[in-house]
Amino acid sequence: MADPKVVRALGEGLPQPGAQMEDVRAMKLAPDRRIVCESDVEKPRLANPGLMQAQRSRGADHVRRCAVFVDDGKGVWSLAGVPTVFGDARLWLIFVEQGSQGRYRLAQFSLWGRNSEWDKAAGLLGSMLGEPATQADRMLGWKDEQHETLMFIDDKYPDEFAIAVGDVRLRKLMRSPGTSNRE
């Protein structure tokens, strides 16, 4: 349940699930910001290099994880926010290889914002997507045959909440090593 109007309502210029990696990497960002991926051969000097180390636990080599970073003016890059309806939020992107040509598509993006904006974000998603199919302590979820939208608080980051918007079909490829060459 992440039709284009929902993604646009979260933030102007956010990428749509299913978009090609090249298109997402070309998205307009504020000055001194850029998308950095764990698969980049030449990464800028990161304040926390561990953020962009390959995550073997995420599956085979057909998954690429990226985020938006900002230059501190001294050549050191840190995680950065992008504008959203609930204030600046960190943007994480997960791409999965689809097809035999090595094309990567956006399987999921997640926005990480301040907990104080939970009610505003939940109200927006509820007004557009209806009653959540999943309601638990610190988690809401909406799903249809094409998209899944989750809103949650991770115990590792109790001062923040995340909204993850994903393409159901592409997310299945993330968990299926060896299927990246199937159309």
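This is a predicted model: local features need pLDDT of at least 70, side-chain atom pairs count only at pLDDT 80 or more; totals for chains, interfaces and linings use all residues.
Mentor: Quick one before we look: two strands pair if DSSP finds at least two bridges between them. Helices (H or I, at least four residues) and strands (E, at least two) are DSSP runs, numbered from the N terminus.

Trainee: What pLDDT does the protein chain average?

Mentor: The average is 88, and 90% of the residues score at least 70. Be careful with residues 177-183, though: pLDDT stays under 50 there, and the model has 14 contacts beyond four places in sequence for that stretch.

Trainee: Let's talk strands. Why is β7 largely enclosed by the rest of the structure?

Mentor: Nine of its twelve residues, in the run 103-114, are buried, so the rest of the structure largely encloses β7. Buried means under 20% relative accessible area, exposed over 50%, and partly exposed in between (1.4 Å probe, protein chains only).

Trainee: And which sense does β7 pair in with β6?

Mentor: Antiparallel, over nine bridges, with β6 covering residues 89-98. Gln-98 has Arg-103 of β7 as its bridge partner. Four residues sit between the strands of that hairpin, and Gly-99 takes a positive phi near 90°.

Trainee: How many bridges join β7 and β11?

Mentor: Seven, again in the antiparallel sense, with β11 spanning residues 160-167. Across from Ala-162 in β11 you'll find Trp-112.

Trainee: What does Trp-112 form with Phe-152?

Mentor: An edge-to-face aromatic pair, 5.8 Å centre to centre with 90° between the planes. Rings of Phe, Tyr and Trp (its six-membered ring) pair if their centres lie within 6.5 Å; planes under 30 degrees apart are stacked, over 60 edge-to-face, the rest tilted. Trp-112 is in β7 and Phe-152 in β10 (residues 147-152), so this pair ties together parts 40 residues apart in sequence.

Trainee: Is Trp-112 buried or exposed?

Mentor: Buried, at 11% relative accessibility. Trp-112 also makes an edge-to-face pair with Tyr-157, at 5.6 Å centre to centre and 70° between the planes. Tyr-157 is in the loop between β10 and β11, so that pair ties parts 45 residues apart. Tyr-157 itself is partly exposed, at 41%.

Trainee: New topic: how many residues are in the largest nonpolar core?

Mentor: 35, and Phe-109, Leu-111 and Leu-10 are among those with the most contacts inside it. Helix α3 (residues 118-129) gives the largest share, six residues. A nonpolar core is a set of buried Ala, Val, Leu, Ile, Met, Phe, Trp, Tyr and Cys residues joined through side-chain atoms within 4.5 Å. There's a second, separate core of nine residues, including Val-36 and Trp-92.

Trainee: What is Phe-109 in contact with?

Mentor: Leaving aside neighbours within four places in sequence, its contacts (heavy atoms within 4.5 Å) include Val-7, Leu-14, Pro-17, Leu-91 and Ile-163.

Terms used:
Residues are numbered from 1 along each chain as its sequence is written. Side-chain values use heavy atoms; hydrogens and water are left out. pLDDT is the predictor's confidence in each residue, from 0 to 100.
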